[in-house]
Amino acid sequence: MLRHEFQPGRLIAGVFLTATGIAYAGDAAGLWRTDWFAAVPLMVAGLFLAGVTASLTRAIRRRRRAPGG
């Protein structure tokens with residue numbers, strides 16, 4: 001199996017997408033009530049944090065790969 005670079009931004013986006021799915025699955029199972037618009041703040045926050053994390057990761061990796069520094 002080929003190894004790949006760890007991408008924390010994608011991990012965060014996946015966690016928030018999974019949390020959104022769990023919220024609606026719990027509502028469908030009758031465990032709790034989830035409003036129809038609950039996905040919007042979850043996904044916006046998740047995508048924002050994923051973007052910030054990806055940007056920071058890219059900046060850190062560029063700095064480490066720069067010659068002489």
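Q: Let's take a salt bridge to be a side-chain nitrogen of Lys or Arg within 4 Å of a carboxyl oxygen of Asp or Glu. By this rule, how many salt bridges does the count come to?

A: The count comes to three salt bridges. One thing to keep in mind is that this is a predicted model, where local features need pLDDT of at least 70 and side-chain atom pairs count only at pLDDT 80 or more, while totals for chains, interfaces and linings use all residues. Residues are numbered from 1 along each chain as its sequence is written, and side-chain values use heavy atoms, with hydrogens and water left out.

Q: Great. Which residue forms a salt bridge with Arg 61?

A: That's Glu 5, and the closest N and O atoms of the pair are 3.4 Å apart. Arg 61 sits in helix α2 and Glu 5 in the segment before α1, so this pair ties together parts that are 56 residues apart in sequence. Helices here are DSSP runs (H or I, at least four residues; strands are E, at least two), numbered from the N terminus.

Q: And what does Glu 5 meet in the salt bridge with an N to O distance of 2.9 Å?

A: The side chain of Arg 65. Arg 65 is in helix α2 and Glu 5 in the segment before α1, so here the parts tied together are 60 residues apart in sequence.

Q: Are these residues buried or exposed? Start with Arg 65.

A: Arg 65 counts as exposed, at 64% relative accessibility. Glu 5 is partly exposed, with a relative accessible area of 39%, and Arg 61 is also partly exposed, at 25%. The cut-offs are under 20% relative accessible area for buried, over 50% for exposed, and partly exposed in between (1.4 Å probe, protein chains only).

Q: Which residue pairs with Arg 33?

A: Asp 35; their side chains meet in a salt bridge at 2.9 Å, N to O. Arg 33 is exposed at 68% relative accessibility, whereas Asp 35 is partly exposed at 32%.

Q: Which residues do shared partners join into one network?

A: Glu 5, Arg 61 and Arg 65, through salt bridges that share partners.

Q: Why would such side chains pair at all?

A: Side chains of opposite charge can pair when their charged atoms come close.

Q: Switching to the helices: at what angle do α1 and α2 pack?

A: Helix α1 (residues 8-29) and α2 pack at about 165°, with their axes 7 Å apart. That makes α1 roughly antiparallel to α2. Axes are lines fitted to C-alpha atoms, for helices over the stretch in contact, and angles run from 0 to 180 degrees between N-to-C directions. Under 35 degrees counts as roughly parallel, over 145 as roughly antiparallel, 65 to 115 as roughly perpendicular and the rest as oblique.

Q: What about Leu 2, where is that?

A: Leu 2 is in the segment before α1, and is exposed, with a relative accessible area of 78%. Its C-alpha atom is 29 Å from that of Ala 19, 17 residues apart along the chain.

Q: Last one: where is Leu 49 found?

A: Leu 49 is in helix α2 (residues 39-65), and it counts as partly exposed at 37% relative accessibility.
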